[in-house]
Amino acid sequence: MLGQPDDPRGIVLPLDGRPGGTETGAPDRNGGPRPLRNGTPPPGPALLLSWTPTPAVDDDRTWATLSASSELARRLAPDAGRAPAAGLTFRLALPEAFGAEPLLRLAGGETAAAAPGSSALVPVAPTAPGDRHGAGLGLLTLTTAAEIAATGTQTRVLDELTAAVDQLAPACVMRLDSRLRAAEESLREAQTELLERGSLVVDGDATGSGSPSRGLETAVANLSVLRHQTHAWIAGWERVVAGADPSGTPGLALRDALGEVGKLGWTGFPAAVHGAYQALVLDARRILLTAADHLLRAPNRPLTALRPLVESDLAGRAADVARLHRLLTTLSTLPQTVRKRSGGMMPNLIADQAAANARSQALFTRMANALRSPVWDGRVVVEVRSLDSGELQVLRPV
């Protein structure tokens, strides 16, 4: 019987509306499906949904907990009206990122290890008569994988930036923009809404029309403003670097010039870099979530329709983060000199300026290293644990 632990067969869910078959082999350990028994792989992109018994040891990998009635639970159920089998860890693997590659390269999407042993595949309950393709489940998988990777990397980068400032420029106060905090919270809530309800729309009618939550609308508006502000800052800092003498520029003058951009002052520069990075990553996350919501409310569209909606904009955000990284890398290698006043300077003042130059150059280096993009292996995998209560636990990668 299909779905029993000793049954090596299952289905690979097509992401473009093709009918799903049931004669695929068990998944390979690298996450891809084995060929059909006649040796012909299924045409087109397909989502591989496999499972393995959950080990007794709780490894505390929970990233989010969803209700038994959530959209993800409904789509993981083998039949309409049933919950996913308890005591199993489901593994959802996509063959590509369908336009979200720039965000996952920026975030370094971590991949869960392949499930040990043979796994059987389980069908997904259709959302409409004759509808068995996995585009909706693929969208939930992709946004979840991107959110797990992006939030983890974003937290690491921001912590490293803050630590560098605290150690090397303690006089620089890290004042964080409340709009960024609010946008972060709204995006987290939006991801949960997608997994719970399959939509970000509130007060929608039978046609699926409606508007996003007020918090997400505010986040979108604020991120638009912050993105334009970030572009202006980066362009201004690039002009400062372009005008500096590559053979050596007075460190005090360089710091003053960087602080003049946006009238932030040198003490405001590190916090501005911190906020610029955060605004760009948050906006990239917003782009993917809102596009996924759009497609989830159009269930007949394939997952391949996501690429033209997000790829260009996500590449733009990733390019802006790369500009910020190049800027800091250049600053970290720019020789800084001590500017002597007429008549000379006291040796202790020269020593103080030299020490300030060394600290600022070390700060630029630490910040550039923090913004270096991690490695992404090109796979999109999410693991979900089904509890006896019917709740689902979305797991962090091992």
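This is a predicted model: local features need pLDDT of at least 70, side-chain atom pairs count only at pLDDT 80 or more; totals for chains, interfaces and linings use all residues.
Which residues do ring pairs link into a cluster? They are W233, W237, W266, F269 and F364.

**The chain as a whole**

The chain has 398 residues, and buried ones make up 49% of them. Its secondary structure comes to 9 helices and 10 strands. If you take the contacts between residues at least 6 apart in sequence, 82% of them join residues at least 24 apart. The accessible surface is about 17,700 Å², and carbon and sulfur atoms account for 54% of that area.

**Helix α9 and what covers it**

Helix α9 takes in residues 347–370. How far apart are its end C-alpha atoms? They are 35 Å apart, and this agrees with the 34 Å that 24 residues should span at 1.5 Å a residue.

Several residues of α9 are buried: Q353, A356, N357, S360, L363, F364, M367, A368 and A370. The cover over the buried residues of α9 includes the helices α3 (135–168), α6 (251–260), α7 (269–296) and α8 (307–333), together with β8 (336–337).

**Back to the rings**

The chain has 5 aromatic pairs. One of them is formed by F269 and F364, whose rings sit edge-to-face, 6.1 Å centre to centre with 90° between the planes. This pair links distant parts of the chain, since F269 lies in helix α7 and F364 in helix α9, 95 residues apart. A pair of aromatic rings is described by the distance of the centres and the angle of the planes.

Are F269 and F364 buried or exposed? F269 has a relative accessibility of 1%, so F269 counts as buried. F364 is buried as well, because its relative accessible area is 0%.

**A look at S386**

S386 counts as buried because its relative accessibility is 3%, under the 20% cut-off. Which residues is S386 in contact with, leaving aside its neighbours within four places in sequence? They are P84, A85, A86, G87, L88 and F90, along with E391 and L392.

| Residue | Relative accessible area | Class |
|---|---|---|
| F269 | 1% | buried |
| F364 | 0% | buried |
| S386 | 3% | buried |

Note on methods: Residues are numbered from 1 along each chain as its sequence is written. Side-chain values use heavy atoms; hydrogens and water are left out. Buried means under 20% relative accessible area, exposed over 50%, partly exposed in between (1.4 Å probe, protein chains only). Contact means heavy atoms within 4.5 Å. Helices (H or I, at least four residues) and strands (E, at least two) are DSSP runs, numbered from the N terminus. The expected span of a helix is 1.5 Å times one less than its number of residues. Rings of Phe, Tyr and Trp (its six-membered ring) pair if their centres lie within 6.5 Å; planes under 30 degrees apart count as stacked, over 60 as edge-to-face and the rest as tilted. Accessible areas come from the Shrake-Rupley method with a 1.4 Å probe; for residues, only the protein chains shown count as cover.
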